[in-house]
Protein chains: 4
Amino acid sequence: MDKETARIEAFSDGVFAVAITLLVLEIKVPAISDTALATALVRQWTSYFAFVISFAFIGIMWMNHHRLFNHIRRSDDTLLVLNLLLLLGVTVVPFSNAVLASYLGTRDQRFAALLYNGTYFVIAILFNILWRYSASNHRLLAKDADKAAVDKLTKQYAFGPALYLACFVLAWISVPASLFLNTILAIFFALPPRIAAKVTGTHA
Amino acid sequence: MDKETARIEAFSDGVFAVAITLLVLEIKVPAISDTALATALVRQWTSYFAFVISFAFIGIMWMNHHRLFNHIRRSDDTLLVLNLLLLLGVTVVPFSNAVLASYLGTRDQRFAALLYNGTYFVIAILFNILWRYSASNHRLLAKDADKAAVDKLTKQYAFGPALYLACFVLAWISVPASLFLNTILAIFFALPPRIAAKVTGTHA
Amino acid sequence: MDKETARIEAFSDGVFAVAITLLVLEIKVPAISDTALATALVRQWTSYFAFVISFAFIGIMWMNHHRLFNHIRRSDDTLLVLNLLLLLGVTVVPFSNAVLASYLGTRDQRFAALLYNGTYFVIAILFNILWRYSASNHRLLAKDADKAAVDKLTKQYAFGPALYLACFVLAWISVPASLFLNTILAIFFALPPRIAAKVTGTHA
Amino acid sequence: MDKETARIEAFSDGVFAVAITLLVLEIKVPAISDTALATALVRQWTSYFAFVISFAFIGIMWMNHHRLFNHIRRSDDTLLVLNLLLLLGVTVVPFSNAVLASYLGTRDQRFAALLYNGTYFVIAILFNILWRYSASNHRLLAKDADKAAVDKLTKQYAFGPALYLACFVLAWISVPASLFLNTILAIFFALPPRIAAKVTGTHA
């Protein structure tokens, strides 16, 4: 049985690794022109911004996937399909990222930000479905899975869709505010849990 | 011996993962123009349609590959070559997908749909060859392989080419009908087996 | 120790898988025009020819890499570097392939064929260096490695550079003859060893 | 616990493998024109130069990553984040490489060389942070980790940022000198340690 989740993890790692690395293809080399290279590079700051945020979010998703599959020990057809749906979402990120990088600063930036955060919102929901399917009645977990740890994970994952929904709604009001919240989220998720707990006043 | 199929699986997973993620490169970011971004994105709906169907089919192929190699335990040179032929087919999918996405809605859409379903038809045949080679006389299976399960798998896989051939033939009559059948197949394969059995009135 | 070669193999599998899948990006979707899609697709037959041959050769290299690392059990810094040099060669194949696909049928096709076979010639030499380094005095092999099998492999690998050199030299005389020999080699390597032995009158 | 670092290594291998293979996409096939193919290929020598140096540096980074994770046996959230930061750096290399390949020989080549070496400088610092975090008080090392070997590694890694900083500073004075030093470094790192020690008169 362990062998089965091993191959799901290997395939998922492959998709995550390709998707996160393809992001860099969106950062274009400026065409040689009268403009100095440094100036031309600075002008496409939206590409770097989108790249770093998207890299952080795909990285965070990989960490979450990794964390879930530390608990998920068995596999069935439904898990395979739910995992493929999740990877479908991850694979779309380079596209949403490219749209954001291209349209930030244009009159269509709101729609680009909505698409961008909408993608993450859908992925966050798919994460919840995958986890709840696996964890309900400990369907696919180890027999000796720690009930408290499982329940805590279930609670934590419920926050994901809410946070991305906040970014999505905020994009209707103010695109910069929405992207600022994206940035805060990326930094926050990257903080070691102990520091993050101090910042929010919660306990791990 | 187990080590040998482990590396075949790892390499195959890599090819599947790269091929399924490359699909997204076909979805182009609309050039900045007078058209609103939302309108421009809606206009390229053929790209999303082809992307989702192709993602589903490559995902299903990966699941099938995974399932076969749960039974295949030993390796030989013929298996390596048959597996490479299968991967050759999988690698062509991003191209067939790109042709379909570009030509759907043009006067050449019939040929694009034939090429698209022809690719899957060939892959389905290659799956059958690989499996029949491995399973005949239990050549490469575990010594204690369950004969009933093996025979069932052989029967199930025989359906694949027939289904894709149906899509292929249907494309001569009506391209929309053919693509509709593709969609139905993708959804059907993704359904948990118990629900799928209820829909068709068969028993697992 | 086993862990070390495991990671070399995993990384190499990744490079092989990405390189073999990137080949498909060279097959371009014809621009929508007055020409029928079928005609436009037939016209770029050089892309399909190059794709299939290159896929076969990268696949064969992967099989050979796989075979060598069935014998190589230990690792050292030199092996890591030799393996990286080999992967450098493999990574160049998509470029040589793209040049061949673009220039076949033009007045520069000879140079394209020389570059193409030159790439494989260099890779074949790198394979020999890696293997001879690992096998001499059984430096990195299992302690109980079968001396006869090792010597046989050493002899077999010595043929690789000679065969690709023949293709290279033949390209000076006749490009079609050189590519015909490439095709024969790809088919021959893909034949199950027993049939291949019959064709050549040798014994495995 | 071992399982955890296994998946970090698998994901990292994937990113390294994709990044190192994507480098080849920067080498463009010359457009068919009146210029002979050979001449056109020679003219884009900067692409090959950048490709080989970048391949060597990503390869060296992979070897270093591999070496560190021979010692790192446990994982925590901080390691996951530090490793992702490191991979972010690695993923940027294909972009820095493309800028260097395009701008070498233009009046902007200094900035391109600064960007190129700046990328490696940052990655070298991230390597040090990751290692020092893991090794301080043997936080994530095996319990029986060899203190002398660990201290030696810590000393060796401290050199990395200094060397890349030297390339960076040298680029202000002379771009060719800076790239020459890059080349020397790539060759030096690739030399078997015994020969490297002889060249520098140090002992392993």
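This is a predicted model: local features need pLDDT of at least 70, side-chain atom pairs count only at pLDDT 80 or more; totals for chains, interfaces and linings use all residues.
Student: What makes Leu86(B) count as buried?

Tutor: A residue needs 20 or more other C-beta atoms within 10 Å of its own to be called buried. Leu86(B) has 23 C-beta neighbours inside 10 Å, so it counts as buried.

Student: Where does Leu86(B) lie, and which residues is it in contact with?

Tutor: Leu86(B) belongs to helix 4 of chain B, which covers residues 77-103. If we set aside neighbours within four places in sequence, Leu86(B) is in contact with Ile123(B), Leu126(B), Phe127(B) and Leu130(B).

Student: How far apart are Leu86(B) and Phe111(B), in sequence and in space?

Tutor: They are 25 residues apart in sequence, and 23 Å separates their C-alpha atoms in space.

Student: How do you know which surfaces the two copies use?

Tutor: Look at the contact residues: 12% of those of chain A recur in chain B, and the copies use different surfaces.

Student: What makes up the contact between chain A and chain B?

Tutor: Chain A brings 26 residues and chain B brings 24 residues. On the side of chain A that touches chain B, helix 1 (2-22), helix 4 (77-103) and helix 5 (109-135) of chain A each supply at least two residues. Helix 4 of chain A has the largest share, with 14 residues. By class, this side of chain A has 18 nonpolar, five polar and three charged residues.

Student: And what makes up the contact between chain D and chain C?

Tutor: That contact takes 24 residues from chain D and 26 residues from chain C. On the side of chain D that touches chain C, two or more residues come from each of helix 1 (2-22), helix 2 (37-43) and helix 3 (45-71) of chain D. Helix 1 of chain D gives the most, nine residues. The residues on this side of chain D divide into 18 nonpolar, four polar and two charged.

Student: How far apart are the nearest C-alpha atoms of chain A and chain C?

Tutor: They are 9 Å apart, and the two chains do not touch. Likewise, no contact joins chain B and chain D, with their closest C-alpha atoms 9 Å apart.

How values were computed
Residues are numbered from 1 along each chain as its sequence is written. Chains are lettered from A and ligands numbered from 1 in the order in which they are written. Two residues are in contact if their C-beta atoms, placed from the backbone, lie within 7 Å. Helices (H or I, at least four residues) and strands (E, at least two) are DSSP runs, numbered from the N terminus. Ala, Val, Leu, Ile, Met, Phe, Trp, Tyr, Cys and Pro count as nonpolar, Asp, Glu, Lys and Arg as charged, and the others, Gly among them, as polar. A residue is buried if 20 or more other C-beta atoms lie within 10 Å of its own, exposed if 12 or fewer, and partly exposed in between; C-beta atoms are placed from the backbone.
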